[in-house]
Amino acid sequence: MSKLKENTIQKDMLINVGPQHPSTHGVLRLVITLEGEIIRDTKPVIGYLHRGKEKLAESRTYFQYLPMVDRVDYLSGFFYQAAYCYAVESIAGLKIPRRAEYIRLITMELNRIASHLLWLGSFLLDLGATSPLFYVFREREEIIKLLEQLTGQRMMFNYYTFGGVKMELPEGWPASVLDLCKKLPKLFDEYEAIITKNPIVLERTKGVGIMSAQQGLDYGISGPNIRASGVNYDLRKSNPYSVYDEIDFNVCLARSGDSYDRYIVRVAEMRESIKIIEKALDRLPGGIPEKLKVKRVNCGCNKDDCGYCGFDTRLMGKKLNAAVFKPPIGEATAMIEAPRGVACCYVVSDGTNKPYRVKWRTPSFSAVQILPELIKDRLFADLMPIFGSFDVVLPEVDR
Amino acid sequence: MYELYAKIINIIGIPEIFAQMTWPVFPFGCVAALLVLVVIFLVLMERKVLAWLTVRKGPNRVGPNGFLQTFADAIKLLFKEDIMSRDTNKVLFTIAPIIVFAPIMVIYGLMPFTEHFVAINLAVGLFLVFALSSITTVGIVIAGWASNNKYSLLGGMRSAAQAISYEIPLVIAVLAVAVLAGSLNLVEIVENQAGGILSWNMWPAFIGFIVLFICSIAEVNRIPFDLPEAESELVSGYNTEYSGMKFALFFLAEYSALFIISVLIATLFLGGYLSPFNDYLSVILFTNLITNPEIMDLFIHIEQGFWLVAKTYALIFAIIWIRGTLPRLRADQLMGFSWKFLLPLSLFNLILVATYKLMI
């Protein structure tokens, strides 16, 4: 009898969640030890989506690698392109025209809203609500359409280039962005009416997956996840990279660091992003297409006065030529506040037209690491509200 | 009707004992046909309503406006391979869908769809309905166990836990109706509510109506109480391993249960097949036109069916609406909700109704 009891009742159950599972957001595999429905141990297994993004960079020129960068995170391609571009630009000493900077800022914030919207839908899908997914896709579609108008692509934009952006804004684009900015807050109100005070959502997420500020900092969590724990850390404020220092905006914070606060922070951030876009469109400097990107290097002018060039290096031609673009020997790191946290790109140049090393530091990677600690001794049903609230995107984890 | 049947049997030359034996099968034949028709329409309705709620178009390819979509799905399910993995318990795996489906089919026979359209009119019909509907849970637990799949097992266990916590407030809420009607016979319960919308059981037992409505959503395993098949956690819960016709049986059982539980709520609280006005519309409108009482009876018969179906589909619409709106509860929260909130509420309702019954 006692032996039977040991075998059946006291034995923990090993359950394999993923890599094919409806709500692991891609191909994450979690090996979970369950005691009844209580999670005792979790081992995240990653690597199912590894594409060797870092190694691929070493065999390609700087320009050839540029279209690949979007694929690091397919939901927020602009941010990773920006990180890579800023890193290379700071090695090469390129100064970006202000109009291009503003366009970068606007597109990045639009992308942030699109990314957060998709997170909102999938998070509620994890909780069991199916409809919000369709509603967020309706709004995301509007944003994606605008970005498609601008870049010709819906997800893998490939729009930034070293020293600026590739194309001028299409006719009437700023106006339609403004129209959308007027429309979106009302739609966010619509979601909030059904989600924010919904007793079931509150019960499922409040007090679930509490991440203390210290814990988050230890694991290197960043972005909205750490801001939900009350840490005022936003690169756009603390270390402004584009023209964020010229625009006034609030950093959205929450205190308790549970799944519900992460939701609150993201929704608040979407609203804040809309304000940023509106302000940026207001200040968008006009200009001829030549001012969109650095067309030439060493145009013969005085470097300090000229805003559009400034390359003191061994460049073969005077034009910014893709094949012969050779930044000087050096290394640089660019940090960008992506929707999921700090995206960091480290580029080493050895003076040839190929990067010597590219290293990506992605926020979702840390979020997967903290997961076992947060879901220990919680119910199996809590796995999805906690994991979903971190907004993990698997291609970003594996790269 | 039986006389006619016996006559035909007699003419063919088969002994009458055969007619007596086969006659009770006929109502079940009718019930089976009704059930399949209802499910086919219900699946389409659910998809269309959900599509409408989520700004989509829904099925619109097969047939006019996607009307034949469910037929296409049913044919597809019939032709699918029936997969059974090596380590499943083959006997239990096969029996489980039948155990889930059969009781619901019997409940169809117990329901008074109109005054005369009751296949089995029992004195303790209400009691039997709830006795049968709990058997379904046993089938789900067996399915979860026999599948030899960890997700299925969790789903089956959750289903058992859920059933235990939900059956009790459900039955106590229904007890109030039995107190009001003074009977467990479903036809008598309906007849007791005659006299227009204000004499329905819904008003004296309003709390019980709400409790029963919530509990019945749990009974048919739908969002927000679809824990046994919680998609985001348990992949598909107890029916993860099922395919082909066995899965179709689960599917059929789920939707027929949804229909029958709505019929039950309508019968118990919304006056069943009775008209919401003082008298039947056909009586009010055609009383001067139609003098033949038999034709009048036919009209009333059809109208009764119409009212029941209208009430049922209003309830089903509400259930689908809830599905489209709410997220899922967690297992322990569901049990807490049921034991700490619904059970006291249903007891309070019982006391209230009993007092009301004593006063009038």
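**Close-up views of the predicted model**

**View 1. An open sheet of three strands in chain A.** The strands S6, S7 and S8 of chain A lie in the order S6-S7-S8, with antiparallel pairing. Strands (E, at least two residues) and helices (H or I, at least four) are DSSP runs, numbered from the N terminus. Two strands pair if DSSP finds at least two bridges between them. S6 (330-338) and S8 (355-361) of chain A are the edge strands; each has a single partner strand, so one side of each lacks a neighbour in the sheet. From one strand to the next, the twist averages 15°.

This is a predicted model: local features need pLDDT of at least 70, side-chain atom pairs count only at pLDDT 80 or more, and totals for chains, interfaces and linings use all residues. Residues are numbered from 1 along each chain as its sequence is written, while chains are lettered from A and ligands numbered from 1 in the order in which they are written.

**View 2. Strand S7 of chain A beside S8(A).** S7 (residues 341-349) of chain A pairs with S8(A) over six bridges, in the antiparallel sense. A:Ser349 has A:Pro355 in S8(A) as its bridge partner. Helix H4 (residues 77-92) of chain A packs on the sheet and touches S6 and S7 of chain A. The direction of H4 makes about 150° with that of S6(A). Axes are lines fitted to C-alpha atoms, for helices over the stretch in contact; angles run from 0 to 180 degrees between N-to-C directions.

**View 3. Chain B against chain A.** Here 23 residues of chain B are in contact with 27 residues of chain A. Contact means C-beta atoms, placed from the backbone, within 7 Å. On chain B, helices H7 (150-181), H10 (231-234), H13 (293-325) and H14 (331-359) each give two or more residues to the side that touches chain A.

Notes. Contact = placed C-beta atoms within 7 Å.
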